[in-house]
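The sequence and structure come first.

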Amino acid sequence: MGARTGAQYLERLNAMTPTLYVDGEKVTARVAEHPAFRNNALSFAALYDLQHGKHAAELTYPSPTTGDPVGISFLVPRSEDDLHRRREGAAVWARYSNGFLGRTGDYMNAALTALSTAAEFFGRADPVFAERIAAYYEYARENDLLATHTLIPPQVNRAVSGSAQAGAQVAARVVEERPDGIVIRGARMLATVAPIADELLVFPSTLLRGTAEDAPFSYAFAIQNDAPGLKYYCRSPLYRGGSAFDEPLASRYDEMDALVVFDDVFVPNERVFLLGHPELCNAFYAETGASQLMTHQVVTRTLAKTEFYLGLAASIADAIGIGGFPHIQQDLAELISYVEIEKALLRAAEADGAANAEGVFLPKWDTLNAARNWYPQQVSPRLAEIIRKFSASGLMALPGEADFETDGRADLDLYLQSAALPARDRARLFKLALDASVSGFAGRESLYEYFFFGDPVRMAGALVSSYPLDAYRARVDELLNRSPHPRRS
Ligand SMILES: Cc1cc2nc3c(=O)[nH]c(=O)nc-3n(C[C@H](O)[C@H](O)[C@H](O)COP(=O)(O)OP(=O)(O)OC[C@H]3O[C@@H](n4cnc5c(N)ncnc54)[C@H](O)[C@@H]3O)c2cc1C
């Protein structure tokens, strides 16, 4: 099949029979038509259509096995130019959603692409694992599948390991090993876009201690989204059913999050990529190149999002005539700096990239690691904050689209006009500002950007422990030990 169209994506989604719970309802069929998931699925369908329109050249490349076009995020980078191609493809999708879709297929495809090349890594456990992940990657590439993933055990008691929580009865674990596969019981949180995905990747995350108790929690596998026994418990939708005028972001980009329950789910051997080997589970991302390719996609997306917030802030400033005030310019300068720094980080990571032992050309990790630590804590919170600061009570004196169709229209046209915009256009712009900074959708976005790539506190620890600090310490030592100039007499 190769690169899918939107219609092919929706058709497959509607044919699947997952088990989803949302707001008291159990959904098991025609997911793409359900109001809780439909609009998000339509946004994803639009992305798949871009693979066949004017962006086909950026978004696809010829399959190494069939020659048919397949998604560019499956391209194994062998050169800096390949990294550029991957970024340009990711940027097309990221700009389309202005970075509000965090789980476009290219995110997990980046991980699968790196993992498929890590033959030596998987071979340390058993070469059969390397063969299985490579075959699975090819299956995902040739069918252009959308994967969700889940890494974290439920939040019962973070003071103890997953295996020690609630008598080891909660976190997803291997409860049976059969000749033809494994059986998984328990839960994981959280899986974003689970309802509209084709596949679920269940990869290692929490650090395993390598003890006997941790053995049942040491695994990596993939399962189709409608596997028997697999259940998703969704949060309530953030899209409240309003028009695109009233909910411009939520009506398009509400990426559903779900708790994942494995009710004795059978995983056939060909989909088990690691079993046991906690030391390899702990190194799953760092030593395979998955961290690099995923973060390369993430920074491309967050750049598109930062650019969007810059445009939104500038539009609000124009609309209500605040662009000349020094503190407004200071905030715009801050946003411009974020955009330019993110661009530079991406280019630097590519330019300073290098081939690993498998001949895969990876972007420089120290640069990307700095970017993924910086954005959630320094940049993302400022985006919404600046929009709120610019807009002030304009975010609340804000009638909806329907109010412009009432006999109050003349009042609204007069009293809600702005320096640059007629009332209705100003209301539409400020509804966007509301959805980008204050609404339930905006709140979830802030939470997402802060946590989705891991706990920033522990990511900071990982940055410090992996960064080559000795060279900088040596500079301090060198100064302290340098022969002194004569003292002042
Ligand atoms: C909107 C959203 C979408 C997400 N989507 C996905 C997804 O699709 N797939 C997926 O796998 N994950 C997803 N995640 C989960 C994400 O990976 C986690 O939120 C993140 O790793 C933090 O884990 P946690 O939420 O369990 O927080 P916890 O680990 O429970 O942390 C809670 C608080 O306690 C602190 N804390 C806990 N343990 C420690 C410790 N050992 N040392 C120091 N501080 C600690 C944390 O700093 C934090 O302040 C998503 C998260 C969000 C918010």
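My entries on the domains, the ligand shell and the strands follow.

**Ground rules.** I worked from a predicted model, in which local features need pLDDT of at least 70, side-chain atom pairs count only at pLDDT 80 or more, and totals for chains, interfaces and linings use all residues. I numbered residues from 1 along each chain as its sequence is written.

**Domains.** I took the domain bounds from an automatic or database domain assignment. For the protein chain this gives domain 1 (6-282) and domain 2 (290-474). I found their C-alpha centres 25 Å apart. The contact between them takes 38 residues from domain 1 and 35 residues from domain 2, where contact requires C-beta atoms, placed from the backbone, within 7 Å. On the side of domain 1 that touches domain 2, helices H4 (80-97), H5 (105-117) and H6 (119-123) each give two or more residues. H4 gives the largest share, 10 residues. I noted that helices (H or I, at least four residues) and strands (E, at least two) are DSSP runs numbered from the N terminus. By class, this side of domain 1 has 19 nonpolar, 8 polar and 11 charged residues. Nonpolar covers Ala, Val, Leu, Ile, Met, Phe, Trp, Tyr, Cys and Pro, charged covers Asp, Glu, Lys and Arg, and the others, Gly among them, are polar.

**Ligand.** I then looked up the shell around the ligand and listed 20 residues, the closest being Leu 151, Arg 158, Thr 192, Tyr 448 and Phe 451; a residue is near if its C-beta atom, placed from the backbone, lies within 6 Å. Two or more residues each come from E5, strand E7 (181-192), helix H15 (440-451) and helix H16 (456-466). H15 gives the largest share, 4 residues. I sorted the shell into 9 nonpolar, 6 polar and 5 charged residues. The ligand lies between domain 1 (6-282) and domain 2 (290-474), because both give residues to its shell.

**Strand E5.** I checked both faces of E5 (residues 147-150): Ala 147 and His 149 on one side, and Thr 148 and Thr 150 on the other, are all buried. Buried means 20 or more other C-beta atoms within 10 Å of the residue's own. E5 pairs with strand E8 (residues 199-202) in the parallel sense over 4 bridges, pairing being at least two DSSP bridges between strands. In E8, Leu 200 is the bridge partner of Thr 148.

**Open sheet.** I traced an open sheet of 6 strands in the order E2-E1-E10-E11-E7-E6, with mixed pairing. Its edge strands are E2 (25-27) and E6 (173-178), each pairing on one side only. E1 (residues 20-22) and E2 pair in the antiparallel sense over 3 bridges, and Tyr 21 has Lys 26 of E2 as its bridge partner.

Note on methods
A residue is buried if 20 or more other C-beta atoms lie within 10 Å of its own, exposed if 12 or fewer, and partly exposed in between; C-beta atoms are placed from the backbone. Two residues are in contact if their C-beta atoms, placed from the backbone, lie within 7 Å.
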